[in-house]
Amino acid sequence: MTQEAPKPEPLEATPLSLYLRRREFLALGAGSVVTAAALAGTLKAADAMPPLLPNVAKGPFGTDEKQTPYEAVTTYNNYYEFGTDKADPAKNAGGFRSRPWTVSFEGEIEHPQKVGIDELLSWFPLEERVYRMRCVEAWSMVIPWVGFPLADLVKRLGPTPKAKYVAFTSVLDPSQMPGQRRDVLDWPYVEGLRLDEATHPLAILAVGLYGRALPNQNGAPLRLVVPWKYGFKGIKGITKLRFLEKQPPTTWNLMAANEYGFYANVNPAVDHPRWSQARERRIGEFLKRATLPFNGYADQVARLYAGMDLSRQF
């Protein structure tokens, strides 16, 4: 298994605009036989692997640790909207349509608005950051994300003095997401950060991984990445950001407050009620390793929680 996804020559790469509109071409049906035949190979390749993202710069944060293979990152993950088994998202998300897509910005901000995802992406240059990612079930990965700092978006929106938190809402579309047809969770999925967490330089909104557009099963077209927190904080398929004065509800905290706290900081000293968090298994490795406080980012983020009781405010 290769470490990195194969990179085609520029002429072989499916244009990003064509890839994102592939479902429209499929919907043409037999009414355009020549067009459908000409595009068949391109559409098949586009479904197999998203296109490379242009003009991605190296970001200011990263790690020299071995990266988790692309195949593992895109076939083993949690996304309950597509099923509860870790293989379900890759199996069930292929037909998901991430265009057209609108993101709403609401609440305690100077510039509330709704924008299309492509306009949003035109606001900020994209960068790649290689982050350690830790799931609450004691497995971990190292992923090269592509995105932009959440802080840059927050600054552009202009929070008012009342804004203390950012609440995130994911897409609600049971017609495309079979998991939402079951009462596994209270849909849509919601998450939140304190404003100082949201504006920390490590927090990003991701639109890709391994230099390619974000696959459906990994949260296309827009997801949150907060590398010092457990993976369930990384809400996928974001449709709304709302700036609030009070702490917002979050999905897993509502479902089981004794197991999933609002903060969800990686903390080896605080066990999940049903398993230890002291050790983790990196995907692709046999032996477990010690879990690092704040997932190894303590030097950067521990100050955010000075004076807090992290065994209670977990």
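**Salt bridges in the predicted model**

Trainee: How many salt bridges does the structure hold?

Mentor: This is a predicted model, in which local features need pLDDT of at least 70, side-chain atom pairs count only at pLDDT 80 or more, and totals for chains, interfaces and linings use all residues. Residues are numbered from 1 along each chain as its sequence is written, and side-chain values use heavy atoms, with hydrogens and water left out. A salt bridge is a side-chain nitrogen of Lys or Arg within 4 Å of a carboxyl oxygen of Asp or Glu. The number of salt bridges in the structure is 17.

Trainee: How many residues apart in sequence are the parts tied together by Arg-99 and Asp-118?

Mentor: The side chains of Arg-99 and Asp-118 form a salt bridge, with N and O 3.0 Å apart. Arg-99 sits in the loop between helix H5 (88–92) and strand S2 (102–107), while Asp-118 belongs to helix H6 (residues 117–122), so the pair joins parts whose separation in sequence is 19 residues. (Helices, H or I with at least four residues, and strands, E with at least two, are DSSP runs numbered from the N terminus.)

Trainee: Which residue forms a salt bridge with Arg-242?

Mentor: Arg-242 lies in strand S11 (residues 238–244), and its partner in strand S2 is 136 residues away, so distant parts of the chain are linked. With the closest N and O atoms 3.2 Å apart, the partner is Glu-106.

Trainee: What is the relative accessibility of Arg-274?

Mentor: Arg-274 meets Glu-259 in a salt bridge, at 2.7 Å from N to O. Both residues lie in the loop between helix H9 (251–255) and strand S12 (279–282), 15 residues apart. Glu-259 is buried, with a relative accessible area of 17%. Arg-274, by contrast, counts as exposed, its relative accessibility being 53%.

Trainee: Which residues are linked in a network of salt bridges?

Mentor: Side chains of opposite charge can pair when their charged atoms come close. In this structure, such a network links Glu-65, Arg-132, Arg-134, Glu-280, Arg-282, Glu-285 and Arg-289.

Terms used. Buried < 20%, exposed > 50% of the residue type's maximum accessible area, 1.4 Å probe, protein only.
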